[in-house]
Amino acid sequence: MADKKEFDVMIIGSGPAGLSSAIYTCRKNLETLVIGKELGGQIAYATNIENYPGIHKISGMDLMNSFHKQAISFGAKIVYEEVSKIKKQK
């Protein structure tokens, strides 16, 4: 990331857990950045998901596109890059 900006929350992982977390942190008005290698993680490769509450049948990628759209609508910033190192600072 070329631009340096402060965020209240930085989430590593753009799968279901990461995007769900982003939705909740954004709803609490926390400036949120999600960093992930690609949208969806492992679930994006599922052709049919039939055990997700409230949805009869959906592909993994369609479900993750829905998560992505909702996270963005609440204000999450999402960057698709691989995290290779985390360095603690003050």
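The structure is a predicted model, in which local features need pLDDT of at least 70 and side-chain atom pairs count only at pLDDT 80 or more, while totals for chains, interfaces and linings use all residues. Residues are numbered from 1 along each chain as its sequence is written, and side-chain values use heavy atoms, with hydrogens and water left out.

Helices (H or I, at least four residues) and strands (E, at least two) are DSSP runs, numbered from the N terminus. Three strands form an open sheet in the order 1-2-3, and their pairing is parallel; two strands count as paired if DSSP finds at least two bridges between them. Strand 1 and strand 3 (77-80) lie at the edges with a single partner strand each, so one side of each has no neighbour in the sheet. From one strand to the next, the twist averages 20°. The parallel pairing of strand 1 with strand 2 (residues 32-36) runs over four bridges, and Met10 has Leu33 in strand 2 as its bridge partner. Helix 1 packs on this sheet and touches strand 1, strand 2 and strand 3, its direction making about 170° with that of strand 2; such angles run from 0 to 180 degrees between N-to-C directions, with axes fitted as lines to C-alpha atoms, for helices over the stretch in contact.

**The nonpolar core**

A nonpolar core is a set of buried Ala, Val, Leu, Ile, Met, Phe, Trp, Tyr and Cys residues joined through side-chain atoms within 4.5 Å. Here the largest such core has 16 residues, and Leu19, Ala22, Val34 and Ala71 are those with the most contacts inside it. Strand 1 (9-12), helix 1 (16-27) and helix 2 (60-73) are the elements that give two or more residues to this core. In soluble globular proteins, nonpolar side chains tend to be buried together.

Contact means heavy atoms within 4.5 Å. Apart from neighbours within four places in sequence, Ala22 is in contact with Ile11, Thr32, Val34, Ala71 and Ala76.

Leaving aside neighbours within four places in sequence, Thr25 is in contact with Val9, Ile11, Leu30 and Thr32. Tyr52, by contrast, is found in the loop between strand 2 and helix 2 and counts as partly exposed at 34% relative accessibility. Not counting residues up to four places away in sequence, Tyr52 touches Leu63 and Phe67.

**The salt bridges**

The structure holds two salt bridges, a salt bridge being a side-chain nitrogen of Lys or Arg within 4 Å of a carboxyl oxygen of Asp or Glu.

| Pair | N to O distance |
|---|---|
| Glu31 and Lys5 | 3.4 Å |
| Lys77 and Glu31 | 3.7 Å |

Lys77 lies in strand 3 and Glu31 in the loop between helix 1 and strand 2, so this pair ties together parts that are 46 residues apart in sequence. Lys5, Glu31 and Lys77 are linked in a network of salt bridges. Lys5 is exposed, with a relative accessible area of 51%, whereas Glu31 counts as partly exposed at 30% and Lys77 as partly exposed at 36%.

Conventions: Buried means under 20% relative accessible area, exposed over 50%, partly exposed in between (1.4 Å probe, protein chains only).
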